[in-house]
Amino acid sequence: MFSRWSNSHHNKENDSLQQESKIKELQAAIGPLSGRSLKYCTDACLRRYLEARNWNADKSKKMLEETIKWRSTYKPEEIRWHEVAVEGETGKVYRASFHDRHGRTVLILRPGKQNTTSLDNQLRHLVYLIENAILNLPETQEQMAWLIDFTGWTLSTSVPIKSARDTINLLQNHYPERLAIAFLYNPPRIFEAFWKIVKYFMDAKTFQKVKFVYPKNTESVELMRSYFDKENLPTEFGGKAVLEYNHEEFSKQMSQDDIKSANLWGFDDKLQCIGNRHSGSDVAPEPVCLAPSAS
């Protein structure tokens, strides 16, 4: 028995050493970085890209380089709440006030509450909230959980296939190993037709993280309960908590997080104040100090 433990311990040490070696190899392959790219490419970040590509350094390098390029043009860390607040008025996507049993940040998605038509702005809003979920992770956790409520969802309110593909690609290619699990709660039967197409855009790792939960299917309910405390889980997901999305309160919270994000990314050394332009929203939190966009 001791021998078996010893071998297992030895194998874990070997795996750990091999992983460290791969991280160094990827670091060397990427070459010198500066500014935000350097801040982004931590050892933990490199590990996530390696895991997403089964520890193949060449494939991980290609993937990471594409993300660095995407981040330099899309600038997700510069998106501010006032730019996307109109997308959030109905609470179709928001960060929950509770965590799962592992301390992960939780995003609640309610596609039946779609309120806008610009696919680009919808994606920008989602990117903002993914970045915000990451910003609010505890130090011991790198992943988030998604809860998707299908109340009110119909084929007419569903996102176009292209938009679903873009969202999946974004998550897989630029936020690898950031999603721990996604629970799709009680989707209507008509969703199956949509899912049959959408699932082909997912790689095997992402596909395995998507779980369907039906209130009458005990096994699926038990799986979700293994991740969430029933007291925290909203009634929409079969839990006991009554949660109502308050756009004004959430906007205040996001404006505070914008300051936290600016500090994290080093914008705080040359701040400029800008007012909140809510594009039709009647919510107007205090003006937030932000840095000018990187040139």
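User: Which residues does Arg48 touch, not counting residues up to four places away in sequence?

Analyst: In this predicted model, Arg48 touches Glu142, Pro176, Glu177 and Arg178, with residues up to four places away in sequence left out of the count. Arg48 has its place in helix H3.

User: Why does Arg48 count as buried?

Analyst: The relative accessibility of Arg48 is 8%. Buried means under 20%, and Arg48 at 8% therefore counts as buried. Within helix H3, which spans residues 43-52, the buried residues are Cys45, Leu46, Arg48, Tyr49, Leu50 and Ala52.

User: Why does Glu66 count as partly exposed?

Analyst: Glu66 has a relative accessibility of 41%. Glu66 belongs to helix H4, residues 57-74. Between Glu66 and Asn173 there are 8.2 Å in space, C-alpha to C-alpha, although the two are 107 residues apart in sequence.

User: What makes H6 roughly parallel to H7?

Analyst: Helix H6 (residues 119-135) and helix H7 (residues 161-174) pack at an angle of about 25°, and their axes are 11 Å apart. Angles under 35 degrees count as roughly parallel, and therefore H6 is roughly parallel to H7. The crossing of the two helices, H6 and H7, is right-handed.

User: Which residues make the contact between H6 and H7?

Analyst: From H6, the contact is made by Leu119, Leu123, Leu126, Val127 and Ile130; from H7, by Ser163, Thr167, Leu170 and Leu171. Sorted by class, the contact of H6 with H7 has 7 nonpolar and 2 polar residues, and no charged residues.

User: How many helices and strands does the chain have, and what share of its residues counts as buried?

Analyst: The secondary structure of the chain comes to 11 helices and 7 strands. Of its 295 residues, 44% count as buried. The accessible surface of the chain comes to about 15,900 Å², and 50% of that surface belongs to carbon and sulfur atoms.

User: What percentage of the contacts in the chain with a separation of 6 or more comes from residues 24 or more positions apart?

Analyst: Residues 24 or more positions apart account for 74% of those contacts.

Note on methods:
Residues numbered from 1 in each chain as written. Predicted model: local features only at pLDDT ≥ 70, side-chain atom pairs only at ≥ 80, totals over all residues. Heavy atoms only, no water. Axes fitted to C-alpha atoms, helices over the stretch in contact; angles between N-to-C directions. Helix = DSSP H or I, 4+ residues; strand = E, 2+ residues; numbered from the N terminus. Parallel < 35°, antiparallel > 145°, perpendicular 65-115°, else oblique. Left-handed = near helix turned anticlockwise from the far one by under 90°. Contact = heavy atoms within 4.5 Å. Nonpolar A, V, L, I, M, F, W, Y, C, P; charged D, E, K, R; others polar. Buried < 20%, exposed > 50% of the residue type's maximum accessible area, 1.4 Å probe, protein only. Areas by Shrake-Rupley, 256 points an atom, 1.4 Å probe, with all protein chains shown as cover.
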